[in-house]
Amino acid sequence: MSYLTDKTIWLTGASSGIGLALARELANYDVRLILTSRREDALEEVRKSLPNSDKHQVLALDLSQPEEAMAAATKALGDTQIDILINNAGVSQRSLILDTDLKVYRQLMEIDYFGVVALTKLVLPSMVARQSGHIVTVSSVAGKIGTKLRSGYSGAKYAVLGFMDSLRAEVAADKISCTSILPGFINTPVAHNSLTGDGSALGEPDQDNASGMSAEDCAKAIVKAITARKDEVVVGKGLSKLAPLIQRISPSYVRRMIAKL
Ligand SMILES: NC(=O)c1ccc[n+]([C@@H]2O[C@H](COP(=O)([O-])OP(=O)(O)OC[C@H]3O[C@@H](n4cnc5c(N)ncnc54)[C@H](OP(=O)(O)O)[C@@H]3O)[C@@H](O)[C@H]2O)c1
């Protein structure tokens, strides 16, 4: 019997990339999945493709509107008890600070930070009452190291790590686990979907992501981290995995290197 057996798992960002691979990996266990993102039709395709598809459900939400998403989810979920929430949905950025509208910073914070806070607040009271539960949030190596073209994304991913650290401390006595995942470069459509300075999507892939770890290997590593109830795990390969460690040893070296890139 696995830690995951018979758990109800709410997974966001399940229509693409890491979330899609996670849905497929988690469905190998005896779990009930609630699959969330904006695109209901894409989520329904994912659900139907999974083993035991009838056990799983789709809940379309737009996390750029966290209050509305919370209200819609509260209504849709009713008394459903969530055992594990995986905050994976997210949007990246490819634009210089000088070229980026303030509204783009707000949008990145809404999805990558407030979306996480909203769904966590939604499931937490029941987890505390049951003295059981697990909150998982997919941040990024960009949540430890700021690089060019990702100022808003990095800000949101740093913020979400701080939120998770505070959450872990607050619920430690309530037997609730909190896991932060920091992927390096993973081969998904994340660059294609990244926001540019005016808020439009970049619409093209990016070599760093294309040569990164596969989404399937990333999903396996995330499931391993969840099962082991780790606090924080970096997932990836090559320099993008090693960067947080190098930064701890020599922050000034990493800063100099990034400025030259
Ligand atoms: N790939 C990487 O190299 C990498 C590295 C570090 C961290 N990450 C993080 O990993 C997570 C997954 O990213 P990915 O690489 O799998 O990217 P992806 O393929 O672009 O997937 C992003 C997911 O988020 C959902 N999403 C986007 N905006 C949303 C919104 N407003 N409301 C609800 N759902 C929304 C998308 O679904 P819909 O379009 O259907 O809404 C999609 O399912 C993100 O948090 C990302 O920041 C990725």
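Student: Which residues of helix α7 are buried?
Tutor: This is a predicted model in which local features need pLDDT of at least 70 and side-chain atom pairs count only at pLDDT 80 or more, while totals for chains, interfaces and linings use all residues. Residues are numbered from 1 along each chain as its sequence is written, and side-chain values use heavy atoms, with hydrogens and water left out. Helices (H or I, at least four residues) and strands (E, at least two) are DSSP runs numbered from the N terminus, and a residue is called buried under 20% relative accessible area, exposed over 50% and partly exposed in between, with a 1.4 Å probe and protein chains only. By that rule, the buried residues of α7 are Ala215, Cys218, Ala219, Ile222, Val223, Ala225 and Ile226.

Student: What distance does α7 reach from its first C-alpha to its last?
Tutor: The expected span of a helix is 1.5 Å times one less than its number of residues. Helix α7 takes in residues 215–227, which makes 13 residues, and its reach is close to the expected value, being 18 Å.

Student: Which residues around the ligand come nearest?
Tutor: A residue is near a molecule if one of its heavy atoms lies within 4 Å of it. The ligand has 32 residues around it, and those that come nearest are Ser16, Arg38, Tyr153, Thr188 and Asn209.

Student: How far is an N or O atom in the side chain of Ser16 from an oxygen atom of the ligand?
Tutor: A polar contact is a pair of N or O atoms within 3.5 Å; within protein, one must be able to donate a hydrogen and the other to accept it, and residues adjacent in sequence count only if both atoms are side-chain atoms. Gly13 has a backbone N or O atom 3.1 Å from a ligand oxygen, and Ser15 has a polar side-chain atom 2.8 Å from a ligand oxygen. For the side chain of Ser16, the distance to an oxygen atom of the ligand is 2.6 Å.

Student: How much of the area that the ligand exposes when taken alone does the protein bury?
Tutor: Accessible areas come from the Shrake-Rupley method with a 1.4 Å probe, and for residues only the protein chains shown count as cover. Taken alone, the ligand exposes 890 Å², and the part of this that the protein buries is 96%.

Student: Which backbone nitrogen lies 2.8 Å from a polar atom of the side chain of Thr12?
Tutor: Thr12 belongs to strand β1, residues 8–12, and Thr12 is buried, with a relative accessible area of 1%. The backbone nitrogen at 2.8 Å from its side chain belongs to Asn88.

Student: Is Lys175 buried or exposed?
Tutor: Most residues other than glycine have a negative phi. Lys175, in the loop between α5 and β6 (176–183), has a positive phi near 60°. With a relative accessible area of 59%, Lys175 is exposed.
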